[in-house]
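Trainee: I would like to go through this model with you. Could we take the helices, then the charged pairs, then the surface and the backbone?

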Amino acid sequence: MDLDRPDPTSLVSQDTDSVAEPESGAAIDSGTAGGSARREYERRANQRDERTKARWGGRLGGVVLALTNEPLSTAAWARGAEGEEKLARELADLEDVVVLHDRRMPGTKANIDHLVVAPGGVFVVDAKYYHGRIAIHDKGGLFRRDPRLFVGRRDCSGLADGALWQTQMVPLRSRRSAARLPRQSRSCASSMATGR
């Protein structure tokens, strides 16, 4: 492996709370984009089905489920998975990079949506499936500045803090690589990746 690029197998593992350390020459499991979000959506949808059918019975419960919308909090997980999958398709077209998807962060329940290992650094990409114009609005008063990140009408300023925290959680095994390549964070509205 080129010493100018970190070994992508030394980054956060997909399935465990530890740093991945496959055997030399082993294939890298790039993960499944949106996998954990899709599993959470399915878990919530199944719980709703079970609760509804337990309350109303199998047949009437099925009718209730067919006639009602699922909660927005449940639908958001499916939409998030779609956004991560869409962005992964865009990232797959990049040359000279390795993209790892849906990496668990040691000691937390959180995950990193995409890790992009490129000659210029290791990029943590947090995908969001939001629509709207991206803009910075100063919400401070007359005597102080308070720049805020907005996507449409949604205040997304916390996304930058979350992406920075995720970036700090990415361990690099090779000290030589870590010294040469910066870890960088990016929040990405996946609808923007295709120019829509």
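Trainee: At roughly what angle do the axes of helix H1 and helix H3 cross?

Mentor: Helix H1 (residues 35–56) and helix H3 (residues 72–91) have axes that cross at roughly 155° and come within 8 Å. Axes here are lines fitted to C-alpha atoms, for helices over the stretch in contact, with angles from 0 to 180 degrees between N-to-C directions. Helices (H or I, at least four residues) and strands (E, at least two) are DSSP runs, numbered from the N terminus. A word on the basis: this is a predicted model, in which local features need pLDDT of at least 70 and side-chain atom pairs count only at pLDDT 80 or more, while totals for chains, interfaces and linings use all residues. Residues are numbered from 1 along each chain as its sequence is written, and side-chain values use heavy atoms, with hydrogens and water left out.

Trainee: Are H1 and H3 roughly parallel or roughly antiparallel?

Mentor: H1 and H3 are roughly antiparallel to each other. Angles under 35 degrees count as roughly parallel, over 145 as roughly antiparallel, 65 to 115 as roughly perpendicular and the rest as oblique.

Trainee: Which salt bridge involves glutamate 85?

Mentor: Glutamate 85 pairs with arginine 38, and their closest N and O atoms are 3.1 Å apart. This pair links distant parts of the chain, since glutamate 85 lies in helix H3 and arginine 38 in helix H1, 47 residues apart. A salt bridge requires a side-chain nitrogen of Lys or Arg within 4 Å of a carboxyl oxygen of Asp or Glu.

Trainee: Why do such side chains pair at all?

Mentor: Side chains of opposite charge can pair when their charged atoms come close.

Trainee: How many salt bridges are there in the whole structure?

Mentor: A search of the whole structure finds eight. One network of salt bridges links Glu40, Arg43 and Arg44. Lysine 128 forms a salt bridge with aspartate 126, with the closest N and O atoms 3.6 Å apart. For aspartate 146 and arginine 148, the corresponding distance is 3.9 Å.

Trainee: Back to aspartate 126: buried or exposed?

Mentor: Aspartate 126 counts as buried at 7% relative accessibility, whereas lysine 128 is partly exposed at 24%. Buried means under 20% relative accessible area, exposed over 50%, and partly exposed in between (1.4 Å probe, protein chains only).

Trainee: Changing topic, which residues make the nonpolar surface patch?

Mentor: Trp56, Leu60, Val63 and Leu67 make a nonpolar surface patch of about 410 Å². Patches consist of residues with over 30% relative accessible area and no salt bridge, with like charges joined within 9 Å and nonpolar side chains (Val, Leu, Ile, Met, Phe, Trp, Tyr) within 5 Å. Accessible areas come from the Shrake-Rupley method with a 1.4 Å probe, and for residues only the protein chains shown count as cover.

Trainee: Which helix gives the largest share of that patch?

Mentor: Helix H2 (residues 58–67) gives the largest share, three residues. Valine 63 lies in helix H2 and is partly exposed at 40% relative accessibility.

Trainee: Finally, the backbone. What is the phi of aspartate 96?

Mentor: Aspartate 96 has a phi near 60°, a positive value in a residue other than glycine. Aspartate 96 sits in the loop between H3 and strand E1 (98–104) and is exposed, with 59% relative accessibility.

Trainee: And where is aspartate 102 found?

Mentor: Aspartate 102 is in strand E1. Its phi is also positive, about 55°, although aspartate 102 is not a glycine. At 4% relative accessibility, aspartate 102 counts as buried.
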